[in-house]
Amino acid sequence: MVIFGASGDLTKRKLFPALYSLAARQLLPEKFGVVGVARTEESDDEFRERMKAAVQEFGRDDFREEVWQGLADGMHYVAGTADDGDEVFKHIDDALAGLDRDRGTGGNRVYYLAVPPSAFETIVEGIGKHRPSEGWTRLIVEKPFGHDLQSAQELNALLHRHFDETEIFRIDHYLGKETVQNMLAPRFANGIFEPIWNRQFIDHIQITVAETLGIEGRADYYEHAGAIRDIFQNHLLQLIALTAMEPPIDFTADSIRNEKVKVLKAMHTPGPKHVVRGQYGRGYIEGQEVPGYREEEGVDPSSMTETFVAAKLFVDNWRWADTPIYVRAGKRLARRETTIAIHFKRAPHPPFEEAAAEGLRPNVLLIHIQPDEGVSLAIGAKVPGQGLQIRTVHMDFLYGGAFRTDLPEAYERLLVDCMRGDASLFTREDEVIEQWQLVDAIVAFWRRDRPTFPNYAAGTWGPPSSDELLGRDGRAWRRH
C-alpha cells in the first residue's frame with residue numbers, strides 16, 4: 001500500500017490505526033508492506049516512530065509491541081511530492097521493489113490518495129507511468145470527488161486514462177460503517193419488513209446527519225464546499241439510495257450499485273421551496289459558548305457558505321411514488337447523531353385514540369448509525385394497571401450489547417475490501433454523476449437569492465424554515 005499524504009491527519013488518525021487493528025486480528029495479507037509518501041523530510045525509522053505514536057493515541061485496540069513490529073518491518077518512507085516528477089517515483093519504485101523482494105508482495109499495489117484534489121493529476125499521471133508489469137493495481141480516491149458535475153467528469157476522465165473502473169475505489173467512509181451496511185439486513189433478511197417497505201405502508205422517511213462540531217480549522221475546504229458538498233452530495237444521497245433501493249439479484253458489488261443508481265436516477269430535483277439552507281451564529285454547545293461560522297478562523301466575515309441543509313425529496317418510481325424523504329445535515333446542531341427514521345402510516349381505525357396516554361404515535365423504525373449504533377422500533381403498548389391506557393414504547397437493539405464486541409472502524413472494512421477487490425461499499429462513476437447532477441441543480445437556484453445569515457444559533461436544530469418544511473405537510477422532525 002502506497003499512501004500519498006502520509007504526513008497528514010487522515011493517515012495519522014484513521015489509516016494507520018486501521019492497519020494496526022487489521023494486523024492485530026490477522027486480517028492483513030501475510031505478504032504486506034506500506035510505503036508512505038509526503039513532502040516532510042524524515043527517515044524510515046522516524047516515520048515508523050511517528051506512526052507508532054499515532055496508533056497508540058488513536059487506535060481502538062490495546063497496543064502490543066509484537067503486532068506493531070510485524071507491521072513496522074514492512075514500512076518505508078519516501079520524502080517528496082508528485083511535483084518532483086520522475087525522481088520521487090523512482091524512489092517509490094525502489095521501495096516497492098524492496099518489498100516485492102523481501103515481503104513477497106508480487107507487484108500487487110494499492111495506491112491511496114490521502115491528498116487534496118489539486119494534487120490528484122500529477123500523482124495519477126506518475127502512477128500510470130510507473131505501474132508494475134505484474135500483479136494488480138488499485139487506486140483509492142478520497143472525497144471530495146470533484147466540486148461539481150463538470151469537475152467530477154474531468155476527474156473521472158483523468159483516472160480512466162490510466163485505470164479502468166474496476167481498479168478505481170472512490171471511498172466514502174460512511175459506507176464502511178457497520179450500521180450503514182446493516183441497512184440491507186432488516187429489509188432483505190426479515191420477512192416482516194420487505195412486504196411493507198413501500199408507499200402503501202410508509203408515510204415518510206427522515207434522515208438526519210447532525211454534528212455538534214464546527215468546521216475544526218478546515219475553513220479553506222469548507223468555504224468552498226459547504227454542507228451540500230461536504231455531506232449532502234455523498235453521505236446523505238448514499239443513505240437515501242441504500243434505504244430506497246430494490247432488492248439486488250445478489251450481493252456482488254455491481255448488483256448492489258446497479259440498484260443504488262436506479263434510485264439516484266429516479267430522484268427528481270426539488271424546487272426552491274423544498275430546500276432550506278442555514279448558517280450557524282453564536283450559541284452554546286454542552287453549556288460552552290461557541291463562535292458563529294463567520295467568526296471562525298479563516299472564514300470570510302460576510303460568508304454565504306451554508307453549514308446546514310434540509311430538503312424534501314422524492315424518488316419517482318413505483319415503490320416510493322408520493323412518499324417524501326426529508327433529509328437534513330448540519331454543523332453545530334443540538335446533538336451528534338446520524339439516523340434513518342422510517343415513519344409508518346397510522347393504523348386505519350385507531351379505537352385506542354382516546355385511551356392513548358400521550359397521543360398514539362405511528363410506528364417508527366429507527367436505524368442509529370452513530371453514535372449509539374443499533375435499531376429501535378416504536379410500538380404502542382398498554383400501560384400496566386387498571387383501565388386501558390396506551391403509550392409508545394421502544395424495542396431496542398444495540399450492536400455492542402447484542403454482539404459483545406467493538407464495532408470495527410469504517411476504514412478497517414474498506415481497506416480490506418479494496419485489497420480483496422470488493423467494490424460493494426465504494427462509489428461507482430455513474431453514482432457520482434447522478435449525485436452531482438442533483439446537487440448542481442440545487443446550487444443553481446441558490447445563486448439567485450441571498451438569505452440572511454446567520455439564521456440559526458449554535459446548539460439548536462437549524463433555522464426555523466427547516467421546521468416549516470415539514471410543518472407545511474402536517475409533520476415534524478423527530479426530536480428524540
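**View 1. Gln233 within helix H9 of the predicted model.** Gln233 is found in helix H9, which covers residues 219-244, in a structure that is a predicted model. With a relative accessibility of 5%, Gln233 counts as buried, because buried means under 20% relative accessible area. The side chain of Gln233 is joined to that of Asn234 by a polar contact of 3.2 Å. When neighbours within four places in sequence are left aside, the residues in contact with Gln233 are Ile228, Val432, Gln435, Trp436 and Val439.

**View 2. The open sheet of six strands.** The strands follow one another in the order S3-S2-S1-S4-S5-S6, and their pairing is parallel. At the edges are strand S3 (75-79) and strand S6 (168-171), each of which pairs on one side only. From one strand to the next, the twist averages 20°.

**View 3. The pairing of strands S2 and S3.** Strand S2, made up of residues 34-38, pairs with S3 in the parallel sense over five bridges. Within this part of the sheet, Gly36 stands opposite Tyr77, which belongs to S3.

**View 4. Helix H1 against the sheet.** Helix H1 (residues 9-24) packs on the sheet and touches strand S1 (2-4), S2, S3, strand S4 (109-113) and strand S5 (137-142). The direction of helix H1 makes about 165° with that of S1.

Conventions: Residues numbered from 1 in each chain as written. Predicted model: local features only at pLDDT ≥ 70, side-chain atom pairs only at ≥ 80, totals over all residues. Heavy atoms only, no water. Helix = DSSP H or I, 4+ residues; strand = E, 2+ residues; numbered from the N terminus. Buried < 20%, exposed > 50% of the residue type's maximum accessible area, 1.4 Å probe, protein only. Polar contact = N/O pair within 3.5 Å; in protein donor to acceptor, adjacent residues only side chain to side chain. Contact = heavy atoms within 4.5 Å. Pairing = 2+ DSSP bridges. Axes fitted to C-alpha atoms, helices over the stretch in contact; angles between N-to-C directions.
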